[in-house]
Amino acid sequence: LYQPPGMSKPLGKIVSISKSGTTAATVNLATAPAEPIAVGNVIAIHGVRDQTNFPASAVTVTAVLSPTQFQGVVGSAVTATSYGGCASSVNGGATQPGIISMVGSTIKSGFASGPTSPANPEWLEIVMNTTISGLATSMYVELYGWRDNVAGVDMNVDGVWEVAVVGTTTLALKPITDIRGVRQSPVTPTIASATNCGGAIIVRTVARIHDLLVTEFSETEVRI
């Protein structure tokens, strides 16, 4: 699979985003992007926990405060802080490929079959902020920029997962192993109770080869 280097793609995971009585939002990223952010860049914001004050939007960078911090206009004037999400470059007006419009509201480890004990402790149970669409069982998705809604603490779930159950607003994800049986999903953290959080979900491009036949023909010459 080939893709142009300038395509719309994640630049970094949002730790926090805040406004102080104005529309100018300050975005703090977990790490500095490989391609430095510059004034005038257009960056899409997805997956922030507070969708009222920080809705998904394309933001023109008005100031760069540090390699991991920039400012731009987001929504209306308000004093608010929220956590989690994804900052993506926007190339030619194209949004982040595979981005899901819903945002996680809570997350916990284990997908319960009853009121007390989860039947699948290695799975994740996510409650979304609205009715789920665009996701189906067996899809591979990337959790990106998942942080709690108290101080922006990393939930340690970022990585690839498989969609196991799709409910009205509840999503269950299970770990993925490769063809050699090596786990590719992060180790399931212990999140005993539903934790308020924010974060983005990106549908991954997947190619599956079910059968591969390689045939070799050779000729053996026998002389008597």
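## A nonpolar surface patch

V214 is exposed, its relative accessible area being 71%. In this predicted model, V214 sits in the segment that follows β11 (195-203). Together with I209 and L212, V214 makes a nonpolar surface patch of about 410 Å².

## Overall architecture

The chain contains zero helices and 11 strands. Read from the N terminus, the order of elements is therefore β-β-β-β-β-β-β-β-β-β-β, with strands defined as DSSP runs. The C-alpha trace spans about 95 × 50 × 25 Å along its principal axes.

Of the 224 residues in the chain, 41% are buried. Among contacts with a separation of 6 or more, 69% are between residues 24 or more positions apart. The accessible surface comes to about 12200 Å², and carbon and sulfur atoms account for 53% of that surface.

## Charges

There are 12 positive and 14 negative side chains in the chain. The centres of these two sets lie 6 Å apart. Side chains of opposite charge can pair when their charged atoms come close. A search of the whole structure gives six salt bridges, and three of them are described below.

## Salt bridge K13–D158

K13 and D158 form a salt bridge through their side chains, with an N to O distance of 3.0 Å. This pair links distant parts of the chain, 145 residues apart: K13 belongs to strand β1 (residues 10-29), while D158 is in the loop between β8 (140-148) and β9 (159-166).

K13 is partly exposed, at a relative accessible area of 26%. D158 has a relative accessibility of 17% and counts as buried, because the cut-off for buried is under 20%.

## Salt bridge K108–E125

The salt bridge between K108 and E125 has its closest N and O atoms 4.0 Å apart. K108 is in strand β6 (residues 104-112) and E125 in strand β7 (residues 118-128), so the pair, 17 residues apart, links two strands under the DSSP assignment. Both K108 and E125 are buried.

## Salt bridge E142–R204

In the salt bridge between E142 and R204, the closest N and O atoms are 2.6 Å apart. R204 counts as partly exposed, with 40% relative accessibility.

Notes: Residues are numbered from 1 along each chain as its sequence is written. This is a predicted model: local features need pLDDT of at least 70, side-chain atom pairs count only at pLDDT 80 or more; totals for chains, interfaces and linings use all residues. Side-chain values use heavy atoms; hydrogens and water are left out. Patches are made of residues with over 30% relative accessible area and no salt bridge: like charges are joined within 9 Å, nonpolar side chains (Val, Leu, Ile, Met, Phe, Trp, Tyr) within 5 Å. Accessible areas come from the Shrake-Rupley method with a 1.4 Å probe; for residues, only the protein chains shown count as cover. Helices (H or I, at least four residues) and strands (E, at least two) are DSSP runs, numbered from the N terminus. Buried means under 20% relative accessible area, exposed over 50%, partly exposed in between (1.4 Å probe, protein chains only). Contact means heavy atoms within 4.5 Å. Lys and Arg count as positive and Asp and Glu as negative; His and the chain ends are not counted. The place of a charge is taken as NZ of Lys, CZ of Arg, CG of Asp or CD of Glu.
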